[in-house]
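Colleague: Can you walk me through this one? I'd like to start with the ligand shell.

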Amino acid sequence: MRLNGEISHLWNEEAEEENERVSVISLPPPPPSKKLVVGYALTSKKVKSFLQPRLEGLARKKGIVFVAIDLSQPLLDQGPFDIVLHKLTGKEWQQILEDYWEKHPEVTVLDPPAAIQHLHNRQSMLQDVADLNLSDCYGKVGTPRQLVITKDPSSIADEVSKAGLTLPLVAKPLVVDGSAKSHELSLAYDEFSLSKLDPPLVLQEFVNHGGVLFKVYIVGDAIKVVRRFSLPDVNESELLNSTGVFQFPRVSCAAASADDAELDPSIAELPPRPLLEKLARELRQRLGLRLFNIDVIREHGTRDRFYVIDINYFPGLSKMPGYEHIFTDFLLSVQSKFKMRLSS
Ligand SMILES: Nc1ncnc2c1ncn2[C@@H]1O[C@H](COP(=O)(O)OP(=O)(O)OP(=O)(O)O)[C@@H](O)[C@H]1O
Ligand SMILES: O=P(O)(O)O[C@H]1[C@H](O)[C@@H](O)[C@H](OP(=O)(O)O)[C@@H](OP(=O)(O)O)[C@H]1O
Ligand SMILES: [Mg+2]
Ligand SMILES: [Mg+2]
């Protein structure tokens, strides 16, 4: 502040004289007078992956500061914050945030805990996609057929046959709570092995997609799509000759992207932009979330048949090219939208 005062003092007394000699004087823009304070509540793993020096450095230049929320102290005693950014699970944290928000409705909470909760269950997370009707928008988007199994592994084969699901099936833990266990997926090739699975889970039809997946990142109004390697196709003979349940690693989560790989163009071609924009807009609205990504696959052999197989809240954004620019712009836009709402 004092520095600004000094500059303006100099400007008043000396610059006017100077102005007579030099017609254009370009001064660097003044530093933003008010900082945008973002309180964050994240696991240490998330802090490491998300809050990288390149993000904090750019944020500082744009007048944004990140402040760690101290979970051992009452949230109401901390701040003031303009934005609260969080990814913690559990009822207790949800309650803390809701109480805080009630007292501080002027603070933007990214995102509302109840909306995030919707993505913690692999059945409810895809419900909104299933409800969408995007058939007339440069392609069709749906979800693979799936079944929820909550108990009794011995009856799974019967339930699968009643529901008419086709093998192979991807078995996914029903609840997604950020734990490694909730990402332990397996592929079941034959109906007899289904009894080895461990409910509660979702059984989803495996869709051949040429081993490439599209990760669509949504950060407010921004949409960025990248290619990742995924599970290879399962052909007929492999299906006939394979039995058992095989656990597979988190293929698509690897930092290595498939963007620069030499791929069959019909597999690698990104989904049409208008389709992704429509999908992102609809889901943003229906889910009430601003920070998430969608895993999309294209059915192999088709040009325009897409499936959403997974939605993640506040995913690994640092794997998105240019994330520091996209994220800081987003934080600033959140704030200016809020101010516009207040002044209208
Ligand atoms: N229905 C499906 N058909 C084909 N492949 C699938 C299907 N479901 C999942 N996969 C493959 O398994 C991977 C993991 O599945 P999914 O994305 O549902 O799990 P996740 O643990 O929630 O992943 P993330 O790390 O993205 O949160 C996908 O990236 C894809 O490679
Ligand atoms: O950006 P993609 O490739 O989708 O992968 C993310 C997963 O989808 C998220 O579930 C991970 O976050 P959590 O481990 O906090 O759930 C998230 O963990 P990270 O933020 O620590 O990288 C990523 O692994
Ligand atoms: Mg996924
Ligand atoms: Mg996921």
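Colleague: Which strand gives the most to the shell around ligand 1?

Modeller: Strand 14, with three residues; strands here are DSSP runs of E, at least two residues, numbered from the N terminus. This is a predicted model, where local features need pLDDT of at least 70, side-chain atom pairs count only at pLDDT 80 or more, and totals for chains, interfaces and linings use all residues. Residues are numbered from 1 along each chain as written, ligands are numbered from 1 in the order written, with chains lettered from A, and side-chain values use heavy atoms, without hydrogens and water.

Colleague: How many residues surround ligand 1?

Modeller: 25, with a heavy atom within 4 Å of it. Among the closest are Lys-172 and Asn-312.

Colleague: What does Lys-172 do there?

Modeller: A polar atom in the side chain of Lys-172 is 2.7 Å from an oxygen atom of ligand 1. A polar contact is a pair of N or O atoms within 3.5 Å. For Gln-204, a side-chain N or O atom lies 2.9 Å from a nitrogen atom of the ligand.

Colleague: How much of ligand 1 does the protein cover?

Modeller: 97% of the 610 Å² of accessible area that ligand 1 has on its own, by the Shrake-Rupley method with a 1.4 Å probe.

Colleague: New topic. What coordinates the magnesium ion, ligand 4?

Modeller: Asp-310 and Asn-312, at 2.0 to 2.7 Å. Donors are N, O and S atoms within 2.8 Å of the metal (3.2 Å for Na, K and Ca), and sites may look incomplete because water is not among the atoms. Asp-310 also bridges to the magnesium ion that is ligand 3, 3.8 Å from ligand 4.

Colleague: Is Asp-310 buried or exposed?

Modeller: Buried, because its relative accessibility is 12% and buried means under 20% (1.4 Å probe, protein chains only).

Conventions. Polar contact = N/O pair within 3.5 Å; in protein donor to acceptor, adjacent residues only side chain to side chain. Helix = DSSP H or I, 4+ residues; strand = E, 2+ residues; numbered from the N terminus. Buried < 20%, exposed > 50% of the residue type's maximum accessible area, 1.4 Å probe, protein only.
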